[in-house]
Amino acid sequence: THAAAGRRDGTAPGDPIKSQLQQDMFTAGELAAFLQGQRGIVLVQLLNGWDPSKGQPLYNPLTLLMMEQALSAAGVAHVSSVAPGGVGLTGILYADREPFASWAAHLASFGCQANTVAGSAYYKLLIGLLLGYKPENVLGYVAASGEPATAQLQQQVAQGIRKLSRVKPQLPWSAADTDIRRPKPAAAVVAASKGGAGFGGGKGG
């Protein structure tokens, strides 16, 4: 279905803006797709410190249930991503193998958050692709933000992703897989040269 594809492929160009309830359902759906091996990484906003009036996203009972299942599932690992200034906290759940382990560590290195918008076209594109959204959906999202991804930018992002891990993603993944490549400590490249502009998330990809 279209909804199931969205949980795996991201929001397609022209899709309506989600309500808060739809966003909560979308996050739970992404976790379900992750548990089915259809996604290698998923972001879950744990703390919203930039606009507390909107409430805390983790209070969504369906998301809590799916997170509990994911964190107790075999083959799943997680890392915390703290927003610059400590104004937000996101949980990054990932299949404990390459390239997802290195990709998750890189997302955490610049404080990627699930429920905010990345600060540049570079990070919008990078985050969307690392989360496994369809490239055309990610490019459409970037273009809709008013700063289309040029061919040069796309090449730059692709090169950066290859530097994180040489292993190509294999989906669906399974905890029973025997060919699991563990990450190397140096795999997470801190994006200091980008000046922290990656504060944002990929749910719009």
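Biologist: Which residue in β3 does Ile 41 stand opposite?

Modeller: Ile 41 stands opposite Tyr 94 in β3, and please keep in mind throughout that this is a predicted model. The two strands involved, β1 (residues 41-48) and β3, pair in the antiparallel sense.

Biologist: How do you know that β1 and β3 pair?

Modeller: Two strands count as paired if there are at least two bridges between them, and β1 and β3 are joined over seven bridges. Strand β2 (residues 76-82) also pairs with β3 over seven bridges, again in the antiparallel sense, with Ser 80 standing opposite Gly 91. In the hairpin of β2 and β3, five residues lie between the strands, and Gly 85 takes a positive phi near 80°.

Biologist: What makes strand β3 largely enclosed by the rest of the structure?

Modeller: Seven of the eight residues of β3 (residues 88-95) are buried, and therefore the strand is largely enclosed by the rest of the structure.

Biologist: Why is the pair of Phe 34 and Trp 173 called tilted?

Modeller: A search of the whole structure finds four aromatic pairs. In the one formed by Phe 34 and Trp 173, the ring centres are 5.5 Å apart and the planes stand at 50°.

Biologist: Why does Trp 173 count as buried?

Modeller: Buried means under 20% relative accessible area, and Trp 173 has 8%, so it counts as buried. Phe 34, at 0%, counts as buried too.

Biologist: What makes the pair of Phe 100 and Trp 103 edge-to-face?

Modeller: Edge-to-face needs planes over 60 degrees apart, and here the angle between the planes is 90°, with 5.9 Å centre to centre. Both residues lie in helix α4, three residues apart, about one turn of the helix.

Biologist: Which residues of α5 do Trp 103 and its partners in α4 meet?

Modeller: Trp 103, His 106 and Leu 107 in α4 meet Leu 126, Ile 127 and Leu 130 in α5. The residues of this contact divide into five nonpolar, one polar and no charged. The two helices pack at an angle of about 145°, with their axes 10 Å apart.

How values were computed: Residues numbered from 1 in each chain as written. Predicted model: local features only at pLDDT ≥ 70, side-chain atom pairs only at ≥ 80, totals over all residues. Heavy atoms only, no water. Axes fitted to C-alpha atoms, helices over the stretch in contact; angles between N-to-C directions. Helix = DSSP H or I, 4+ residues; strand = E, 2+ residues; numbered from the N terminus. Contact = heavy atoms within 4.5 Å. Nonpolar A, V, L, I, M, F, W, Y, C, P; charged D, E, K, R; others polar. Buried < 20%, exposed > 50% of the residue type's maximum accessible area, 1.4 Å probe, protein only. Phe/Tyr/Trp six-rings, centres within 6.5 Å; stacked < 30°, edge-to-face > 60°.
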